[in-house]
Amino acid sequence: MNIELIPAIDIINGQCVRLTKGDYDQKTVYGNPLEMALEFERLGFQRLHVVDLDGAKSKHIVNDAVLKAITTETRLVVDFGGGIKTDEDLEKAFASGAAMVTVGSIAVTEPERFMGWLRKYGAERMILGADVRNGKISINGWKEDSEEDLLPFLRKYIDTGVQNVLCTEISKDGTLTGPAIDLYKRVMEAYPNLHLIASGGVSSKADIEALDEAGIPAVVFGKAIYEGHINLRELLNSKS
């Protein structure tokens, strides 16, 4: 397999959790985020996707201390999202050790601010979050749907330098029903040079293999790990 494998840690109240379809009322707690990160590193992962769900809901970073613990205690390359709304939030994420940040809502509500960040920090440190529900981009922890359609939204930023996009199909997220492969194929057909990170619905090694066969560059997955649906050692061996 050529696809980049990125395990996910979502944080509420300092704990590793997973939601279903972004619903904060459908929450399962899986333990200590740092312990999870250390285990991912021990198994051989190099990347980690960390989401501050408290931050996404509160519209400012909340769990930066957890991020700092992970980046201090591991060598994982961490991208961090959730609650990055201001210059101070962005600087806090980078100061806490994030190698990259995922920004979604601000790219919808304050495009000039997002473009300023892109220019200041460089495209390699910025991941455009494109979370989709019924074809529209969702914002603010998936609490609101915008009027932005996915492909034109991406075009606007790809034309101005964005290289990395994390695309979550919200109806799939946390459901273990398989990823939205057709959606990701459409994105890759439109933008073949994009580093697209697929997210949502991964339930098995076979799902990841299907994304790989479809030419998707990277995948984020979490619930399938925590529910024991994927043997991580076996998965990593298939990469070597």
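1. Basis. The model is predicted, so local features are given only at pLDDT of at least 70 and side-chain atom pairs only at pLDDT 80 or more, while totals for chains, interfaces and linings use all residues. Residues are numbered from 1 along each chain as its sequence is written, and side-chain values use heavy atoms, with hydrogens and water left out. Helices (H or I, at least four residues) and strands (E, at least two) are DSSP runs, numbered from the N terminus.

2. H1 and H3. The axes of helix H1 (residues 33-43) and helix H3 (residues 64-73) cross at roughly 30 degrees and come within 9 Å. Axes are lines fitted to C-alpha atoms, for helices over the stretch in contact, and angles run from 0 to 180 degrees between N-to-C directions. H1 and H3 are therefore roughly parallel to each other (angles under 35 degrees count as roughly parallel, over 145 as roughly antiparallel, 65 to 115 as roughly perpendicular and the rest as oblique). Their crossing is right-handed (the near helix is turned clockwise from the far one by less than a right angle).

3. Residues between H1 and H3. Pro33, Leu34, Ala37, Leu38 and Glu41 of H1 meet Val66, Ala69, Ile70 and Glu73 of H3, contact being heavy atoms within 4.5 Å. By class there are seven nonpolar, no polar and two charged residues (Ala, Val, Leu, Ile, Met, Phe, Trp, Tyr, Cys and Pro count as nonpolar, Asp, Glu, Lys and Arg as charged, and the others, Gly among them, as polar).

4. H7 and H8. Helix H7 (residues 150-158) packs against helix H8 (residues 181-190) at about 40 degrees, with the axes 11 Å apart; the pair is therefore oblique. On the H7 side the contact is made by Leu150, Leu151, Leu154 and Arg155, and on the H8 side by Leu183, Arg186, Val187 and Ala190.

5. Buried side of H7. Leu150, Phe153, Leu154 and Tyr157 are buried (under 20% relative accessible area; exposed is over 50%, partly exposed in between, with a 1.4 Å probe and protein chains only). They cover an arc of only 95 degrees around the axis, which puts them on the same side of H7; the arc is that of the directions from the helix axis to the C-beta atoms.

6. H6. In helix H6 (residues 111-121) the buried residues are Phe114, Met115, Trp117, Leu118 and Tyr121. Their arc is only 155 degrees, which puts them on the same side of H6. The face turned away from that side carries the exposed residues Glu112, Arg119 and Lys120. Just after H6, glycine 122 has a positive phi of about 95 degrees.
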